[in-house]
Amino acid sequence: MKIALIGTRGVPANYGGFETCVEEVGSRLASMGHEVTVYCRSSSYAKRLVSYKGMKLVYLPSLKRKSLETLSHTFLSILHAVIRPFDILMVFNVANSPFLIFPRIFRKKTAINTDGLEWKRGKWGLVGKTYFKLSEWIGAKLTDRIVADCAVLQDYYLKNYQVSSSLIAYGAYPAHSKKPELLNLLGVNPNDYFLQITRFEPENNPLLTIEAFKKLKTNKKLVLVGGVKYPGPYSNKVLETADERIILPGFIYDKELLDELWCNSYSYIHGNEVGGTNPALLQSMASGTFIIAIDIPFSRDVLKDCGIFYQKDSSHLAEQMKWSLENPKLLEGYKVKAVERTREFYSWNQVAKEYESLFKGLLKEDFT
């Protein structure tokens with residue numbers, strides 16, 4: 001099959017979950033013998049490779065504005081793709097749904113991974129929320145198949161748009177500590193810090209994590225990895241609220257260092273409220289980390305009984321963190337179950353096979 005992967009910043013992955021998914025799935029599809037092309041944003045790559053891990057790369061520009069960067073690049077990518085002999089256009093991000101009209105006109109098979117419920121994000125005003133809600137409806141009408149990364153999203157699209165979807169989760173790779181000395185770069189020691197890796201946005205609750213941590217009497221530190229591309233009042237408050245026990249290294253893309261952070265953390269705090277299967281949560285599980293997750297359906301669906309949960313309240317999160325500090329011997333059982341769960345349900349090899357099966361199935365269907 002000739003497959004185009006559209007709607008992300010591209011590969012090599014250097015930003016978020018969609019990019020990691022494209023790299024992991026795309027490279028595996030290429031190794032299976034398929035011709036895979038990834039559309040990349042020119043502005044995201046100073047060095048432009050012709051190919052990467054068996055995938056062909058196409059670079060196209062985008063408008064350098066927060067609300068238009070993704071849309072402008074996807075618009076150009078889809079226009080470029082529909083006049084080329086691709087069998088499947090795999091699009092990421094529900095915001096890109098309106099552009100599915102073009103492959104529809106050109107009778108190209110499409111699937112879209114919608115991610116989570118973007119309209120719930122605090123950073124969007126009324127116009128943004130309305131656009132994302134409309135995009136969900138358009139995506140449900142125009143695509144040949146919606147890909148939901150968890151059962152909660154499957155139920156959402158079935159209930160709200162009467163559309164069935166294919167359940168394909170994200171993957172995670174087993175990680176083991178190999179170079180704990182890398183932690184010296186951040187001034188921390190193994191098992192001596194709480195960890196959170198996320199964008200500094202309200203629905204991810206990094207500020208709540210800081211507030212909870214500051215209630216604890218502990219010698220451990222908090223490492224809060226991440227930031228935002230376009231700073232605002234919330235991200236600025238995160239920076240202002242941190243104290244000397246809280247380490248803010250910014251974004252980290254070095255996989256070796258990230259692995260060491262995950263594998264050697266005392267506990268991972270998961271605060272993302274919006275979205276389906278969160279990649280950072282999965283990687284925490286695969287790394288054998290003890291997890292304290294915000295109590296929402298998405299977290300419950302992924303983590304099950306492999307961690308503990310907290311209400312959206314800094315005092316309750318502080319209580320759960322304190323419990324973990326007082327019961328270190330009980331944490332190991334959670335860690336073992338988390339690793340076993342990711343191995344059984346969230347393997348990148350399995351995810352790639354499920355995408356391949358989806359694409360083959362779409363090509364057997366008549367275009368309607």
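In which helix does Glu23 lie? The model is a predicted one, and in it Glu23 belongs to helix α1, which covers residues 17-31. Is Glu23 buried or exposed? Its relative accessibility is 4%, and because buried means under 20%, Glu23 counts as buried. The side chain of Glu23 reaches the backbone nitrogen of Ala13 at 2.7 Å. Ala13 is also among the residues that Glu23 touches, leaving aside those up to four places away in sequence; the others are Val11, Pro12, Tyr52, Lys53, Met55 and Lys255.

The axes of α1 and helix α13 (residues 348-364) come within 9 Å and cross at roughly 70°. That angle makes α1 roughly perpendicular to α13, because 65 to 115 degrees is the range for that class. On the α1 side, the contact is made by Thr20, Cys21, Glu24, Val25, Arg28 and Leu29. From α13 come Trp348, Asn349, Val351, Ala352, Tyr355, Glu356 and Phe359. Sorted by class, the contact of α1 with α13 has 8 nonpolar, 2 polar and 3 charged residues.

Next comes helix α6, with two packing partners to consider. How do the axes of α6 and helix α7 cross? Helix α7 spans residues 233-241, and its axis comes within 9 Å of that of α6 at a crossing angle of roughly 20°. The two helices are therefore roughly parallel to each other, since angles under 35 degrees fall in that class. Their crossing is left-handed. Pro206, Leu207, Leu208 and Ile210 of α6 make the contact with Tyr234, Lys237, Val238 and Thr241 of α7. The residues of this contact divide into 6 nonpolar, 1 polar and 1 charged.

The other partner is helix α11, residues 314-326, which packs with α6 (residues 206-213) at an angle of about 60°, the axes lying 8 Å apart. That makes α6 oblique to α11. Here α6 passes α11 in a right-handed crossing. Leu208, Thr209, Glu211, Ala212 and Phe213 in α6 meet Ser314, Leu317, Ala318 and Met321 in α11. The contact of α6 with α11 comprises 6 nonpolar, 2 polar and 1 charged residues. Leu208 takes part in the contact with α11 and also in the contact with α7.

Notes:
Residues are numbered from 1 along each chain as its sequence is written. This is a predicted model: local features need pLDDT of at least 70, side-chain atom pairs count only at pLDDT 80 or more; totals for chains, interfaces and linings use all residues. Side-chain values use heavy atoms; hydrogens and water are left out. Axes are lines fitted to C-alpha atoms, for helices over the stretch in contact, and angles run from 0 to 180 degrees between N-to-C directions. Helices (H or I, at least four residues) and strands (E, at least two) are DSSP runs, numbered from the N terminus. Angles under 35 degrees count as roughly parallel, over 145 as roughly antiparallel, 65 to 115 as roughly perpendicular and the rest as oblique. A crossing is left-handed if the near helix is turned anticlockwise from the far one by less than a right angle, and right-handed if clockwise. Contact means heavy atoms within 4.5 Å. Ala, Val, Leu, Ile, Met, Phe, Trp, Tyr, Cys and Pro count as nonpolar, Asp, Glu, Lys and Arg as charged, and the others, Gly among them, as polar. Buried means under 20% relative accessible area, exposed over 50%, partly exposed in between (1.4 Å probe, protein chains only). A polar contact is a pair of N or O atoms within 3.5 Å; within protein, one must be able to donate a hydrogen and the other to accept it, and residues adjacent in sequence count only if both atoms are side-chain atoms.
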